[in-house]
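Good morning, and thank you for making time for this item.

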Number of protein chains: 2
Amino acid sequence: MSAIEGIRACVFDAYGTLFDFGSAVTRCPDVPDDRRAALVTLWRDKQLQYTWLRSLQNLYTDFETVTADALDFALEATGLADPRRRAALLALYRIVSAYPEVKATLGTLKAKGIATAILSNGTPAMLAAAIAHAGLGDVLDHVLSVEAVGVFKTDPRVYQLVPARLGVQRKEVCFVSSNGWDAYGASAFGFRVAWCNRARQPAERLPGAPDAAISDLSALPGLLGLG
Amino acid sequence: MSAIEGIRACVFDAYGTLFDFGSAVTRCPDVPDDRRAALVTLWRDKQLQYTWLRSLQNLYTDFETVTADALDFALEATGLADPRRRAALLALYRIVSAYPEVKATLGTLKAKGIATAILSNGTPAMLAAAIAHAGLGDVLDHVLSVEAVGVFKTDPRVYQLVPARLGVQRKEVCFVSSNGWDAYGASAFGFRVAWCNRARQPAERLPGAPDAAISDLSALPGLLGLG
């Protein structure tokens with residue numbers, strides 16, 4: 001028995017869900033082992049914080065700038081500020097690794113007639129680079145960036161891009177995110193939601209209620225009754 | 001020489017700036033020593049995250065609810081979930097300790113003819129309880145809560161409460177916050193800003209530019225040329 005039925009499109013968050021943002025740090029030889037975890041966490045936390053604050057204040061700038069701003073804060077806070085290290089990390093962020101099950105899962109969904117899409121804070125250029133590097137171009141039907149609305153998740157105008165561009169109803173969308181705040185936000189908007197809870201985080205205490213939690217994307221076709 | 005001149009009102013953030021939110025955990029005997037720091041950090045991080053996300057989605061609920069929601073997440077994540085511990089921590093949060101220099105500093109400002117105010121995410125009831133517990137009622141002219149606008153910092157409607165209620169121009173306000181994101185947000189709004197950087201954090205990479213950084217509030221009268 002499937003938990004989520006009647007789905008016409010699967011829409012994926014990018015960073016954390018399809019792509020391992022931590023891989024930029026993991027693959028950078030110039031970060032001391034004992035500070036890798038702190039740098040990954042702080043860089044990501046600041047990146048998200050800056051997207052929310054800029055959205056609240058109507059002071060949008062693109063995600064590439066926000067990502068560099070957050071990295072500058074995180075490098076200074078961890079005592080790692082250095083122009084060459086900064087440049088290396090930003091270059092690696094553009095080619096973050098896809099999680100191992102991503103390509104096969106997207107291929108299965110597409111073969112079963114489900115439209116596949118990304119909905120991301122990332123800029124079109126960042127997303128194009130990551131998709132090309134991971135070889136996902138053939139298994140993605142749509143790539144939607146918040147650039148089109150000039151505000152970041154979880155502003156409802158971002159989620160509204162999906163019905164507007166894909167021509168589907170909210171309840172026909174299975175939205176998939178590893179980020180709890182994004183999964184709950186998408187649920188509150190009216191999507192069906194699979195929370196890909198890779199980090200085994202507690203439930204968020206936010207509006208919304210994801211329809212299912214999975215530990216990686218390979219469970220998704222079964223969840224949608226396509227197994 | 002003073003760094004910030006022409007000020008008619010000093011407006012303070014509450015939690016982190018006047019009140020030590022960590023004191024709720026410090027004073028709770030029922031939290032193991034080795035998990036206190038993690039609980040303080042996670043509770044605070046989630047509390048702020050929830051204010052930003054709810055504001056972005058136009059799903060406001062009061063700060064008392066958000067604070068309890070964040071605590072529930074943080075207790076579960078740190079393996080400390082327990083109804084009695086939860087109740088004790090929330091009760092202690094209502095009577096968080098003021099930092100030692102707060103009362104004297106507010107008294108000095110008021111004696112010099114500067115209007116004193118709080119602008120906080122907190123509910124009027126939470127703020128009244130904390131102010132009464134710290135004995136600050138006599139040294140505060142105004143207590144402004146985001147409840148009046150139904151959205152959290154850093155939405156500009158929150159900062160706009162100050163000129164609207166106090167009858168002052170933005171540039172006549174010295175806004176004081178220990179939270180970098182709040183200090184930068186208030187600066188971007190047009191206030192003069194003293195960032196009370198108690199935690200010695202790096203500069204935020206956000207719009208705005210605080211006029212001064214101080215390590216505690218005792219430097220404030222001198223900064224305003226009232227020393």
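Predicted model: local features only at pLDDT ≥ 70, side-chain atom pairs only at ≥ 80, totals over all residues.

**Pockets and a sheet**

The lining of the largest pocket draws its largest share, 10 residues, from α2(B). Residues are numbered from 1 along each chain as its sequence is written, chains are lettered from A and ligands numbered from 1 in the order in which they are written, and side-chain values use heavy atoms, with hydrogens and water left out.

A pocket here is an open set of points on a 1 Å grid over the protein atoms alone, where a 1.4 Å probe fits, with protein on both sides within 12 Å along at least five of seven lines; lining residues have an atom within 4 Å of a point. Volume is the space filled by probe spheres set on the points, which are joined across faces, edges and corners. Helices (H or I, at least four residues) and strands (E, at least two) are DSSP runs, numbered from the N terminus.

The volume of the largest pocket is about 1600 Å³. Among the 50 residues lining the largest pocket, Thr41(A), Asp45(A), Thr41(B), Asp45(B) and Gln49(B) are the closest to its centre. At least two lining residues each come from α2 (33–56), α3 (63–77) and α9 (180–189) of chain A, and from α2 (33–56), α9 (180–189) and β7 (192–196) of chain B. By class, the lining of the largest pocket has 24 nonpolar (Ala, Val, Leu, Ile, Met, Phe, Trp, Tyr, Cys and Pro), 16 polar (the others, Gly among them) and 10 charged residues (Asp, Glu, Lys and Arg).

The second largest pocket holds about 240 Å³ of space. Of its 18 lining residues, the closest to the centre are Asp155(A), Ser55(B), Leu56(B), Asp155(B) and Arg157(B). Again α2(B) gives the most, here with 3 residues.

I turn now to the sheet. In chain B, an open sheet of 6 strands runs in the order β5-β4-β1-β6-β7-β8 with parallel pairing, where two strands pair if DSSP finds at least two bridges between them. Its edge strands are β5 (142–145) and β8 (212–214) of chain B, each pairing on one side only. Within chain B, 4 bridges join β1 (residues 9–12) to β4 (residues 115–120), and Cys10(B) stands opposite Thr116(B) in β4(B).
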